[in-house]
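Notebook open, model loaded. I want to go through a handful of spots and jot down what I find at each.

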Amino acid sequence: MSLGKLANCSRCDALFVQAVRELCPKCYQTVEQEYELCARFLRKRENRGSNIHQVSEATGVSIKQITKFIKEGRISVAGNPNLGYPCENCGGMVRTGSLCETCASEFKREIDQGIDLEQRLEAVELQRLREVATYRRKQNHDE
């Protein structure tokens with residue numbers, strides 16, 4: 001049975017014996033307290049319309065940590081219509097995933113353009129190889 005390994009806490013960089021979590025016990029307790037602050041705040045009916053900035057301001061919990069809670073499913077956006085987190089590309093509000101619809105469509109368009117360009121370049125290269133082969137055959141035939 002393994003007792004764990006030495007690791008650095010992903011939050012404070014302290015050295016600790018890692019068993020399950022990537023956080024040291026002190027940071028784990030802090031994160032749990034921050035979660036409770038956020039959850040308690042959002043349970044109040046008058047706060048359910050709050051956005052992530054308002055939750056952060058009212059609780060003192062960072063937007064980054066609240067985003068983690070949402071992505072982990074610990075804080076639900078379902079009962080909180082204005083709650084979302086920043087798009088990883090433009091910073092606009094997102095309720096699921098990492099990118100807003102605009103950025104996701106733009107990336108898809110860029111990928112599609114890249115694929116189209118690759119296919120056209122491959123077709124041009126194939127045509128060039130055919131022409132070279134035809135030229136060589138003609139050259140060999142003429143000799």
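Predicted model: local features only at pLDDT ≥ 70, side-chain atom pairs only at ≥ 80, totals over all residues.

**Entry 1: helix 3 and its cover**

I began with what covers the buried residues of helix 3, and the list includes helix 1, helix 2 and strand 3 (85–86). Covering here goes by contact, meaning heavy atoms within 4.5 Å. Helices (H or I, at least four residues) and strands (E, at least two) are DSSP runs, numbered from the N terminus. The buried residues I noted in helix 3 are Gln65, Ile66, Thr67, Phe69 and Ile70. For the record, buried is under 20% relative accessible area, exposed is over 50%, and partly exposed is in between, with a 1.4 Å probe and protein chains only.

Residues are numbered from 1 along each chain as its sequence is written, and side-chain values use heavy atoms, with hydrogens and water left out.

**Entry 2: aromatic pair**

How many aromatic pairs does the structure hold? I got one. Tyr35 and Phe69 form it, edge-to-face, at 5.5 Å centre to centre and 70° between the planes. The pair ties together distant parts of the chain, with Tyr35 in helix 1 and Phe69 in helix 3, 34 residues apart. The rule I used: rings of Phe, Tyr and Trp (its six-membered ring) pair if their centres lie within 6.5 Å, and planes under 30 degrees apart are stacked, over 60 edge-to-face, the rest tilted. I also checked burial, and both Tyr35 and Phe69 are buried.

**Entry 3: largest pocket**

Next I looked up the largest pocket, and its volume came out at about 290 Å³. Its lining has 15 residues, and those closest to the centre are Leu23, Val31, Gln65, Lys68 and Glu72. The search ran on a 1 Å grid over the protein atoms alone: a pocket is an open set of points where a 1.4 Å probe fits, with protein on both sides within 12 Å along at least five of seven lines, and lining residues have an atom within 4 Å of a point. Grid points are joined across faces, edges and corners, and the volume is the space filled by probe spheres set on the points.

Which helix gives the largest share of the lining? That is helix 3, with five residues. Helix 1 (25–43) and helix 3 (63–72) each supply at least two. By type, I count four nonpolar, three polar and eight charged residues in the lining. Asp, Glu, Lys and Arg go down as charged; Ala, Val, Leu, Ile, Met, Phe, Trp, Tyr, Cys and Pro as nonpolar; the others, Gly among them, as polar.

**Entry 4: Ser56**

Ser56 sits in helix 2 (residues 52–59). Buried or exposed? Buried, because its relative accessibility is 16%. Its side chain reaches the backbone oxygen of Val61 at 2.6 Å. Skipping neighbours within four places in sequence, I find Ser56 in contact with Val61, Ser62, Ile63 and Ile66.

**Entry 5: two loop residues**

Asn47 is in the loop between helix 1 and helix 2. I logged Asn47 as buried, because its relative accessibility is 12%. Not counting residues up to four places away in sequence, Asn47 touches Phe41 and Leu42.

Asp13 is in the loop between strand 1 (5–8) and strand 2 (15–18). Its phi is positive, about 70°, although Asp13 is not a glycine. With a relative accessible area of 53%, Asp13 is exposed.

**Entry 6: helix residues and C-alpha distances**

Ala39 is in helix 1, and at 9% relative accessibility it is buried. From Ala39 to Pro25 I get 21 Å, C-alpha to C-alpha, for 14 residues in sequence.

Then helix 4 (residues 101–142), where I found Gln113. Gln113 is partly exposed, at 45% relative accessibility. Its C-alpha is 45 Å from that of Gln18, 95 residues apart along the chain.

Glu110 lies in helix 4 and is partly exposed, at 40%. Between the C-alpha atoms of Glu110 and Val77, 33 residues apart along the chain, I have 30 Å.

How values were computed
Polar contact = N/O pair within 3.5 Å; in protein donor to acceptor, adjacent residues only side chain to side chain.
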